[in-house]
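Subject: Structure for you to look at

Hi,

Here is the structure I promised to send over. Please open it first, and then read my notes below.

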Amino acid sequence: MFQLILKDILLLKKIFLFAAAYIIVMMMFLKEDSAVVFFVSVIAVTYMLILSACAHDDKNKADILLNSFPLTRRTVVMARYCSIFVFSVTAIMYYLVIAHILQMTGLSAQAHSVSLENVAAALCAVIFINSVYFPVFFKFGYIHSRLVGFILFFGTFALAPAFFEQADHPLVQDVIHYFSHLSEGKEMAIVAAVMMLLLAVSFFFSLQFYRKREF
């Protein structure tokens, strides 16, 4: 499984360079709070890396080759899900290193501090997007799932402001009231449990779909 993830990393060298350039542009020209820049950068870079890896496998008919090896289909699917975290950590490290360099050189006036809450919010968004996308990808393949990935990516940014505008809704207030009585550790544990459950359900469907595909 780790060899499959390493394969993606080696094949995406140009995308890694483009991702670094993207973060630099976002930091220098996006006139928003640094938390917003971090959130957008991590989601966008992770989206680019995962979609590019899927596109590369589709272009080179990698599934035919992989299924000729002594690999189970569970391993192939699991590697794709593990890449969510590998690429997310890569995006976060990219951001922190580039932010430090830009601040040292004076090219960015913003204070690009990143809190644990910022990291958790970005990871939740990345997990949600890919938990919805991967079952579609393993069911229909890359070509037919591109539109879903596109909608999820841009829909996240489009719907996020609308979600925060509903902060006064009674249901949202009940949730906020419930979490306000919990310690920070319990809040993180609940969010992590929900995200892991979402990933588990998504993985189950992806594996079922992939096992039924013929190559």
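Asp57 counts as buried, because its relative accessibility is 6% (buried means under 20% relative accessible area, exposed over 50%, and partly exposed in between, with a 1.4 Å probe and protein chains only). Asp57 forms a salt bridge with Arg80, and the closest N and O atoms are 2.5 Å apart; a salt bridge here is a side-chain nitrogen of Lys or Arg within 4 Å of a carboxyl oxygen of Asp or Glu. This pair links distant parts of the chain, with Asp57 in helix 3 and Arg80 in helix 5, 23 residues apart. Helices are DSSP runs of H or I with at least four residues, strands are runs of E with at least two, and both are numbered from the N terminus.

Before going on, a word on the model: it is predicted, local features need pLDDT of at least 70, side-chain atom pairs count only at pLDDT 80 or more, and totals for chains, interfaces and linings use all residues. Residues are numbered from 1 along each chain as its sequence is written, and side-chain values use heavy atoms, with hydrogens and water left out.

Lys7 counts as partly exposed, at 24% relative accessibility. Together, Lys7, Asp8, Asp57 and Arg80 are linked in a network of salt bridges. The total count of salt bridges is four.Next, the nonpolar core, meaning buried Ala, Val, Leu, Ile, Met, Phe, Trp, Tyr and Cys residues joined through side-chain atoms within 4.5 Å. The largest one has 54 residues, and those with the most contacts inside it are Met27, Tyr81, Tyr133 and Phe134. Helix 3 gives the largest share of this core, 14 residues. Leaving aside residues up to four places away in sequence, Tyr81 touches Phe134, Pro135, Phe138, Leu199, Ser202, Phe203 and Ser206 (contact means heavy atoms within 4.5 Å).

As for the record, the unreviewed UniProt entry lists residues 36–56 and 77–99 among its spans for "transmembrane region". Residues 36–56 are 100% helix, with end C-alpha atoms 30 Å apart. Residues 77–99 are also 100% helix, and their end C-alpha atoms lie 34 Å apart.

Happy looking!

Best wishes

Note on methods. UniProt positions are given in the numbering used here, feature names are shortened, and annotations may be inferred rather than shown by experiment.
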